[in-house]
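User: I'm new to reading protein structures. Could you walk me through this one with some questions and answers?

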Amino acid sequence: MTAEGATDLDQLLDEQIAYYRVAAPEYQDHALPYGGGDELSAALDAFHPTGEVLELACGPGLWTRQLVRHADHVTAVDASPEMLALAARDVDGDRVRFVRANIFDWRPDRRYDAVFFGFFLSHVPLERFASFWAMVADCLAPDGRVFFVDDGYRTADELIEGEDSTTIQRRLTDGSTHRIVKVPHQPADLERRLAACGWSVTVTQAPGGPFYWGTGRPA
């Protein structure tokens, strides 16, 4: 246990939030040098997220701009005020509600036709996987759907606790290092893990890179 009753995992997740706050100005500088991004975007367009849409961990709004082309309204949640400021600067705010909240503590105040998260699932610790997906289910209206994109990419330098650990270390351009969660999900294993949580989700590997996307709904 750490100070004031927080667990080691709580501390790690706090460090993860702190990392994304500091990383906000250079977030796009750390994009992976692989193809597959066009396939992710096309898959999201094909998903056609209409109606009331929730975006978890919206970051600087890269996906929010695409969601708002389909949705009647988007609620975009992120724990970093720096990321939210970037998103609000670059996204038309008339149909977007930005919410600052720690997603692991946040609960929805309404139901949504679709829930989206981009490059966040791999940052959900396996210990919180089931509870996270239970929260996502609580966000959905009847017949609501989920869509996510992510990657399982980790460099050898990041594996400070070994390949079997889901804790890695990221380095920013100022040389500072930060611990975050990075779970290297594989599509077939991820489908089975989701099925065990009561979800029917198809996970598709993008060609030519480490990216994948998933779409489905509670079983």
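User: Which strands does α5 lie across, and at what angle does it run to β5?

Analyst: Happy to start there, keeping in mind that this is a predicted model. Helix α5 lies across β1 (52–56), β4 (112–118), β5, β8 and β9. Its direction relative to β5 is about 135°.

User: In what order do the strands of the open sheet come?

Analyst: Strands of a sheet pair through backbone hydrogen bonds, either parallel or antiparallel. Here the pairing is mixed, and seven strands take part. Neighbouring strands are turned by 15° against each other on average, direction ignored. The order is β3-β2-β1-β4-β5-β9-β8.

User: Which are the edge strands?

Analyst: Look for strands that pair on one side only. In the order, β3 stands at one end and β8 at the other. The edge strands are therefore β3 (96–100) and β8, since each pairs on one side only.

User: How many bridges join β5 to β9?

Analyst: These two strands run antiparallel. Valine 146 has glycine 216 in β9 as its bridge partner, and aspartate 150 stands opposite tyrosine 212 in β9. The number of bridges that join β5 to β9 is six.

User: What is the bridge partner of tryptophan 199 in β9?

Analyst: Strands β8 and β9 run antiparallel, with seven bridges between them. They form a hairpin with five residues between the strands, where glycine 208 takes a positive phi near 75°. The bridge partner of tryptophan 199 is proline 218.

User: Which residues of α6 are buried, and why do they line one face of the helix?

Analyst: Helix α6 covers residues 187–196, and its buried residues are Pro187, Leu190 and Leu194. Seen down the helix axis, they fall within an arc of 60°, so they line one face. What covers them includes α5 (129–139), β5 (140–151), β8 (199–205) and β9 (211–218).

User: Which exposed residues does the face of α6 turned away from its buried side carry?

Analyst: Exposed here means over 50% relative accessible area. On the face turned away from the buried side, the exposed residues are Arg192 and Ala196.

User: What positive phi does glycine 198 take?

Analyst: You will find this glycine just after α6. Its positive phi is about 90°.

User: Is the pair of phenylalanine 116 and phenylalanine 147 stacked or edge-to-face?

Analyst: The structure holds 16 aromatic pairs. In this one, the ring centres are 6.2 Å apart and the planes stand at 15°. Phenylalanine 116 is in strand β4 and phenylalanine 147 in strand β5, 31 residues apart, and both are buried. Planes under 30 degrees apart count as stacked, so this pair is stacked.

User: And what about phenylalanine 132 and tryptophan 133: stacked or edge-to-face?

Analyst: Phenylalanine 132 and tryptophan 133 are both buried. Their ring centres are 5.8 Å apart and their planes are at 85°. Planes over 60 degrees apart count as edge-to-face, so this pair is edge-to-face.

User: Over the ring of which residue does the charged end of arginine 193 sit?

Analyst: One aromatic cluster is formed by Phe104, Phe117, Phe120, Phe129, Phe132, Trp133, Phe148 and Trp199. Arginine 128 lies over the face of phenylalanine 104, at 5.9 Å from the ring centre. The charged end of arginine 193 is 5.8 Å from the centre of its ring, which belongs to phenylalanine 129.

Definitions and conventions:
Residues numbered from 1 in each chain as written. Predicted model: local features only at pLDDT ≥ 70, side-chain atom pairs only at ≥ 80, totals over all residues. Heavy atoms only, no water. Buried < 20%, exposed > 50% of the residue type's maximum accessible area, 1.4 Å probe, protein only. Helix = DSSP H or I, 4+ residues; strand = E, 2+ residues; numbered from the N terminus. Arc of directions from axis to C-beta. Contact = heavy atoms within 4.5 Å. Axes fitted to C-alpha atoms, helices over the stretch in contact; angles between N-to-C directions. Phe/Tyr/Trp six-rings, centres within 6.5 Å; stacked < 30°, edge-to-face > 60°. Lys NZ or Arg CZ within 6 Å of the ring centre and 35° of its normal.
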